[in-house]
Amino acid sequence: MGKPVIYITRKIPDDILQPYQDSFNFRMWAGVDVPVPRDVLLREAASADGILCLLTEKVNREVFAAANNLKIVANMAVGYDNIDVDAAREHNVVVTNTPDVLTETTADLTFALLMAAARRIVEAEKYISDDRWKHWSPYLLAGSDVHGKKIGIVGMGRIGEAVARRAKGFGMTILYHNRSRKNQTEQELGVFYTEFEELLNKADYVVSLVPMTDETKKMFDRKAFQKMKSTAIFINVSRGGVVDEGALHDALTENEIRGAGLDVFENEPIAADHPLLQMQNVVCLPHIGSASIETRTKMLKLCLDNLAAVFDGDDPITPVT
Ligand code: GLV
């Protein structure tokens with residue numbers, strides 16, 4: 001039997017693939033910044049034994065139906081809402097993701113975004129680069145304090161806990177909401193379980209870290225924003241689909257909340273003329289939560305190690321199915 005054929009849906013560096021070259025026959029989409037066209041993915045899937053894909057690929061029933069030999073889809077992300085896991089199961093395909101390796105990096109970015117939105121960092125940088133800084137003034141670009149405030153973390157998984165550890169360092173009171181209560185985390189980190197509505201009412205910073213599922217779809221809707229403090233800042237680093245973006249825009253324009261920091265959007269890339277991008281009190285980033293060189297490299301290696309485990313007949317390291 002020849003080496004398993006692995007289709008990689010984006011160009012990744014040769015030195016990362018090198019240690020695996022003896023085990024696999026790699027085929028790869030040549031785009032660095034451009035996702036694989038759908039027809040190419042479907043054609044390549046037909047002869048692939050494994051696929052290493054990004055969150056930009058919708059790996060749905062159509063892909064599984066086209067792929068006759070497929071054993072594993074290794075998703076380079078912790079979230080896997082781009083993959084139809086039920087269809088994978090029906091086709092006996094293992095799906096893996098990349099938890100743990102990106103936890104701390106994503107928590108760093110979450111805090112960076114929270115700080116940037118709170119202290120108006122992007123607005124302030126633009127103020128100076130637009131050559132508008134003529135005088136120091138008492139309330140020039142005055143933002144909100146972070147230290148000593150209340151953070152409400154919605155979705156207390158690994159990244160939520162890592163954000164909570166950072167918040168502790170800032171002397172924040174930490175509320176969290178999660179599908180299930182986490183007693184050990186409460187004891188270890190001194191965080192308080194709070195019903196969703198109460199968290200919205202009380203938090204100065206509401207941080208969304210929930211995965212995208214049928215239950216979380218648009219959970220931050222008009223009603224949710226209306227429950228927040230008028231001084232609240234909303235941060236989303238999970239998936240854009242958990243937010244009703246129209247409702248967020250309304251809440252911001254009607255001063256129902258003070259600001260937002262968004263790393264993810266309902267449709268990515270977000271259109272340049274999207275109303276949220278026109279708002280000074282919203283900091284928007286292009287889905288870079290886990291984007292450090294070290295972490296992105298670890299994520300790719302974890303995908304490759306998952307592929308290697310499955311084709312060696314071992315259990316996958318980080319399966320989701
Ligand atoms: C990124 O959004 C991820 O899910 O890893």
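A polar contact, as the term is used here, is a pair of N or O atoms within 3.5 Å. Keep that cut-off in mind as we look around this predicted model, starting with its ligand.

**The ligand site**

Around the ligand sit Leu55, Ala77, Val78, Gly79, Leu102, Arg239 and His287. Sorted by class, this shell holds four nonpolar residues, two polar ones and one charged one.

| Residue | Protein atom | Distance to a ligand oxygen atom |
|---|---|---|
| Val78 | backbone N or O | 2.7 Å |
| Arg239 | polar side-chain atom | 2.7 Å |
| His287 | side-chain N or O | 2.6 Å |

The ligand on its own would expose 190 Å², and the protein buries 87% of that area.

An open sheet is built from seven strands with parallel pairing, in the order 8-7-6-9-10-11-12. Its edges are strand 8 (192–193) and strand 12 (282–284), each of which pairs on one side only.

Within this sheet, five bridges link strand 6 (residues 150–154) to strand 7 (residues 173–177) in the parallel sense.

Which helix lies across strand 6 and strand 7? That is helix 7, residues 158–169, and it runs at about 175° to strand 6.

Conventions:
Residues numbered from 1 in each chain as written. Predicted model: local features only at pLDDT ≥ 70, side-chain atom pairs only at ≥ 80, totals over all residues. Heavy atoms only, no water. Near = heavy atom within 4 Å. Polar contact = N/O pair within 3.5 Å; in protein donor to acceptor, adjacent residues only side chain to side chain. Areas by Shrake-Rupley, 256 points an atom, 1.4 Å probe, with all protein chains shown as cover. Nonpolar A, V, L, I, M, F, W, Y, C, P; charged D, E, K, R; others polar. Pairing = 2+ DSSP bridges. Helix = DSSP H or I, 4+ residues; strand = E, 2+ residues; numbered from the N terminus. Contact = heavy atoms within 4.5 Å. Axes fitted to C-alpha atoms, helices over the stretch in contact; angles between N-to-C directions.
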